[in-house]
Structure formats: C-alpha cells, structure tokens
Amino acid sequence: MTTTRRRLAIASATLSFALLTTACGAIGTAVDCNTVSQEVTTIMTDFNKSMATAAADPKALETAGAEASAKVKTLAADYDGELGSALNDLASGLEGMKIDAQNPTATMDSVQKLQGFVTKIQAACT
C-alpha cells in the first residue's frame, strides 16, 4: 500500500510539472493558458501536499481530490471550448480519486488518467 501512495505522489508531481510547461499558441490563448497553467499547478501542488496524509488516512486522498476538483471546476467556469472541457475532465478525474485497498491498481489507473486530462489541456493551448 505504501508503494501505491509513493507512486501516486510521483505521478501527481509529474502532472504539476507538465502543467507548468504547457505550450500555448496565439497571444490571447497564451495568456489564458499561462493563467490556467499557474492556477492548475497551484491546485495540484496543494493536492500533492494533501496526499502526504493519505498514508495515515486513506480518506484524505478522497478529500484532497474533492477539494482540488471543486477548485478546477471553478476555474473551468471561466473558460469555454476545448480548454473549458479539458479543465472539467481534470476536475472529474480528481473528484473520483480514492484508495481502494482491495484494488490498488485502480488507484494508479485513476492517477494515470489525470495525465490524459493534462495532455488535453496542453492540446487546447496549442
């Protein structure tokens, strides 16, 4: 179980870094994407910090995911099109985060899906 939590932390840290390096195309889009990137990176950093307590309290991951999801949904409300859709997908992925002691692979699968949502955000910004 501890290995799963470490993998989750590493995967989430990777997501945060990926969002920092999101490429943006047109100037207006670049401003939006830079803002989104900064805000989502902050949200994911807070999510990562909350995951540290998941070792002692597995429900902490669910709580952290729900809090991060709410913040991303609020951010998504400011955007439409592909970017808004990508942010809403990320929010949905965060909202469904939980540690399943019977199936730790499912938890890792959920984290890996988050990378797909990050890729979608990056694609919306190119």
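Is D46 buried, exposed or partly exposed? In this predicted model, D46 is partly exposed, at a relative accessible area of 31%.

The side chain of D46 meets that of K71 in a salt bridge, with an N to O distance of 3.8 Å. The pair links distant parts of the chain, since D46 belongs to helix 2 (residues 27–51) and K71 to helix 3, 25 residues apart. K71 is partly exposed as well, with a relative accessible area of 42%. This is one of four salt bridges in the structure.

## Packing of helices 3 and 4

Helix 3 (residues 59–76) packs on helix 4 (residues 81–95) at an angle of about 165°, and the axes are 7 Å apart. Because angles over 145 degrees count as roughly antiparallel, helix 3 is roughly antiparallel to helix 4. The crossing is left-handed.

On the helix 3 side, the contact includes G65, A66, V72 and K73; on the helix 4 side, G84, L87, L94 and E95 are among the residues involved. By class, the contact has nine nonpolar, five polar and two charged residues.

K73 and E95 form a salt bridge, their closest N and O atoms lying 3.2 Å apart. The pair ties together parts 22 residues apart in sequence, because K73 is in helix 3 and E95 in helix 4. K73 is partly exposed at 36%, and E95 is partly exposed at 44% relative accessibility.

D89 and K120 meet through their side chains in another salt bridge, at 2.5 Å from N to O. D89 lies in helix 4 and K120 in helix 5 (residues 104–124), so this pair joins parts 31 residues apart in sequence. Relative accessibility is 24% for D89, which counts as partly exposed; K120 is partly exposed at 34%.

Terms used
Residues numbered from 1 in each chain as written. Predicted model: local features only at pLDDT ≥ 70, side-chain atom pairs only at ≥ 80, totals over all residues. Heavy atoms only, no water. Axes fitted to C-alpha atoms, helices over the stretch in contact; angles between N-to-C directions. Helix = DSSP H or I, 4+ residues; strand = E, 2+ residues; numbered from the N terminus. Parallel < 35°, antiparallel > 145°, perpendicular 65-115°, else oblique. Left-handed = near helix turned anticlockwise from the far one by under 90°. Contact = heavy atoms within 4.5 Å. Nonpolar A, V, L, I, M, F, W, Y, C, P; charged D, E, K, R; others polar. Buried < 20%, exposed > 50% of the residue type's maximum accessible area, 1.4 Å probe, protein only.
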